[in-house]
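Subject: Handover of a structure for your study

Dear colleague,

Please find below the structure that I am passing on to you. My notes on what was found follow it.

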Amino acid sequence: MPENESLIEHTAKHFFDFDIAPEVYSSLIVCFIIIVFSIVIAIISKHRDPLKKPHGFMSVVEYGVEFFDKFATDMMGPAFKGMGGFVMALAMYLFLSFIFGLTGLPSPMTYMAIPLSLGLVSFVMIHATAVRYQKWKYFKRYIDPFPVFLPINLMSMWAPLLSLTLRLFGNAIAGFALMTIMYTALEALNQMIFSFMGTWGGAIGTPIVTGIFHLYFDLFSGFIQTTVFISLTSIYIGQEGPEDITDVQTTEISMKGGN
Amino acid sequence: MGEAGYYIAAAIAILGVMPSALGEGMVCAKAMEGISRNPEAYSKIRSTMILGCALVETTAIYSLLISILCLFVH
């Protein structure tokens, strides 16, 4: 803060200077893409005859929705039939965030706050499900097997959150760092080989080699991490659900969730 | 020492990927054994194997993360 400026003056002048990382804007763009896509599909599917066979683009969309519904039922059990939408939204956001680095803009996953929020989403979902199905028995897990274990249980409660967050962040940042090293090294090498081109020499061979590695580090790694994240979230949530499938309450909930 | 210490720390931290690689090899070997015994279960075993590999990889990713932090964040 400069000397000749009072605190109020300083605050008023710099009120709109939010220090927001560029990755957050990338994340907002990804969210925007998903929202527009979903609204467009909702409008298209509303004006369709449900008795007719879907064709073209809509058949792909229907296949996707069916796939995620089946995924949720397979992984979590029949009580969670309505969770397909949650899993699909997570999967879309994760995969788009991972491949967003291909556009040249910073990938949202390389900013720690965003994997942490995704981890928090599934963490809150796991505990909310546990409270919903186990009611007061939920608190029994913290004093299991003896009340002496309370501090240990309170610590180990955060393990899934940490592991989900660091897995995403570590994968994204590792790919990012390796790609940056590769770009720097290949640019220097190509500049040496094509030195007759001047400063443009570095741009000749570099994109051909790095493109292949982008396929691995962004597309393949992003796909695998998306699969792992949604599988782990589903398994964690499924563990908290009711165990008896033939329970009357279960069928009631699954019917409610299916709508 | 100062600067060199960070590089040495990064080099030590990256040693953690060694057991992870061994574990991944074991996952693949066992999956192949399973496939050769029961070829019909190929698609199921493959998807489970990829999931298991990614889970095993986690520790390697942690070491890589720590090593990158040692290198760049100081």
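Of the 74 residues of chain B, what percentage count as buried? The share is 11%, where a residue is buried if 20 or more other C-beta atoms lie within 10 Å of its own, exposed if 12 or fewer, and partly exposed in between, with C-beta atoms placed from the backbone.

Before the other findings, a word on conventions. This is a predicted model, in which local features need pLDDT of at least 70 and side-chain atom pairs count only at pLDDT 80 or more, while totals for chains, interfaces and linings use all residues. Residues are numbered from 1 along each chain as its sequence is written, and chains are lettered from A and ligands numbered from 1 in the order in which they are written.

Chain B

Chain B has three helices and zero strands (helices are DSSP runs of H or I with at least four residues, strands are runs of E with at least two, and both are numbered from the N terminus). Its radius of gyration is 17 Å, well over the 11 Å that the globule rule gives for 74 residues, so chain B is more spread out than a compact globule. This radius is taken over C-alpha atoms, and the globule rule is 2.2 Å times the number of residues to the power 0.38. The C-alpha trace of chain B spans about 60 × 15 × 10 Å along its principal axes.

Chain A

Chain A comes to nine helices and zero strands. The radius of gyration of chain A is 24 Å, whereas a compact globule of 259 residues would have one near 18 Å. Along the principal axes, its C-alpha trace spans about 75 × 60 × 40 Å. Of the 259 residues in chain A, 24% count as buried.

The nonpolar core

In soluble globular proteins, nonpolar side chains tend to be buried together. A nonpolar core is a set of buried Ala, Val, Leu, Ile, Met, Phe, Trp, Tyr and Cys residues joined through C-beta atoms within 7 Å. The largest one here has 31 residues, and Val87(A) and Leu168(A) have the most contacts inside it. Helices H3 (57-76), H4 (84-99), H5, H7 (159-193) and H8 (206-240) of chain A each give two or more residues to this core. H4(A) provides the largest share, seven residues. Setting aside residues up to four places away in sequence, Leu168(A) touches Met109(A), Pro115(A), Leu118(A), Gln225(A) and Phe229(A); two residues are in contact if their C-beta atoms, placed from the backbone, lie within 7 Å.

A pair of helices

The axes of H3(A) and H8(A) come within 8 Å and cross at roughly 50°. Axes are lines fitted to C-alpha atoms, for helices over the stretch in contact, and angles run from 0 to 180 degrees between N-to-C directions. H3(A) and H8(A) are therefore oblique to each other, since angles under 35 degrees count as roughly parallel, over 145 as roughly antiparallel, 65 to 115 as roughly perpendicular and the rest as oblique. Ala72(A), Met75(A) and Met76(A) in H3(A) meet residues of H8(A), among them Ser231(A) and Ile235(A).

Two loop residues

Lys135(A) lies in the loop between H5 and H6 of chain A. Most residues other than glycine have a negative phi. The phi of Lys135(A), however, is positive, near 50°. Lys135(A) is exposed because 9 other C-beta atoms lie within 10 Å. Arg141(A) is found in the loop between helix H5 (113-134) and helix H6 (150-156) of chain A, and with 12 C-beta neighbours inside 10 Å it counts as exposed.

Yours sincerely
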